[in-house]
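Q: Hi! I'm new to this one, could you walk me through it?

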Amino acid sequence: QVQLVETGGGLVQAGGSLRLSCAASGRAFSINNMGWYRQAPGKEREFVARINWSEGYTDYADSVKGRFTISRDNAKNTVYLQMNSLKPEDTAIYYCRGLLIQDKISRGYWGQGTQVTVSS
């Protein structure tokens, strides 16, 4: 089994910064890609950013381009989301998502979520 564990959420004022981390652990797996999604109260979960694990290609939602940066540490199986110039509308639960390969089978995994609250 594989686990994704997020850390780094919290309360910040508008214009501030936060850094989220998500570490993957478990038995004998490799990573295809990892990313972040978020879900605000009363809204559907939405894509935020994704990174290809081998080449490092990145993809962002238009709403966070230029403010958020996704990166990875291959040795630690950890993905990061640096969030700058935060806005109240960034308030949401942020979920880590990983497409991992274990026993030659590719599966999607979710973390438990971490709350990010941006005050105005």
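A: Happy to! One term to start with: buried means under 20% relative accessible area. This is a predicted model, and in it Arg67 counts as buried at 11% relative accessibility.

Q: Which residue does Arg67 form a salt bridge with?
A: That would be Asp90, with the closest N and O atoms 2.7 Å apart. Asp90 sits in the loop between β8 and β9, while Arg67 is in the loop between β6 (58–60) and β7, 23 residues apart.

Q: And is Asp90 buried or exposed?
A: Buried, with a relative accessible area of 1%. Asp90 also meets the side chain of Arg38 in a salt bridge (2.9 Å, N to O). Arg38 lies in strand β4, so that pair ties together parts 52 residues apart in sequence. Arg38, Glu46, Arg67 and Asp90 are linked in a network of salt bridges.

Q: Nice. How many salt bridges are there?
A: Six. One of them joins Asp103 and Arg27 (2.9 Å, N to O). Asp103 is exposed at 52% relative accessible area, and Arg27 is partly exposed at 46%.

Q: Switching topic: which residues does the disulfide join?
A: Cys22 and Cys96, with an S to S distance of 2.1 Å. Cys22 is in strand β3 (residues 18–26) and Cys96 in strand β9 (residues 92–102), so the pair ties together parts 74 residues apart in sequence.

Q: Why is the disulfide left-handed?
A: Because the torsion about its S-S bond is about -80 degrees.

Q: Last one: how many residues are in the largest nonpolar core?
A: It has 32 residues, and those with the most contacts inside it include Met34, Trp36 and Tyr94.

Definitions and conventions. Residues are numbered from 1 along each chain as its sequence is written. This is a predicted model: local features need pLDDT of at least 70, side-chain atom pairs count only at pLDDT 80 or more; totals for chains, interfaces and linings use all residues. Side-chain values use heavy atoms; hydrogens and water are left out. A disulfide is a pair of cysteine sulfur atoms within 2.5 Å. Helices (H or I, at least four residues) and strands (E, at least two) are DSSP runs, numbered from the N terminus. A nonpolar core is a set of buried Ala, Val, Leu, Ile, Met, Phe, Trp, Tyr and Cys residues joined through side-chain atoms within 4.5 Å. Buried means under 20% relative accessible area, exposed over 50%, partly exposed in between (1.4 Å probe, protein chains only). A salt bridge is a side-chain nitrogen of Lys or Arg within 4 Å of a carboxyl oxygen of Asp or Glu.
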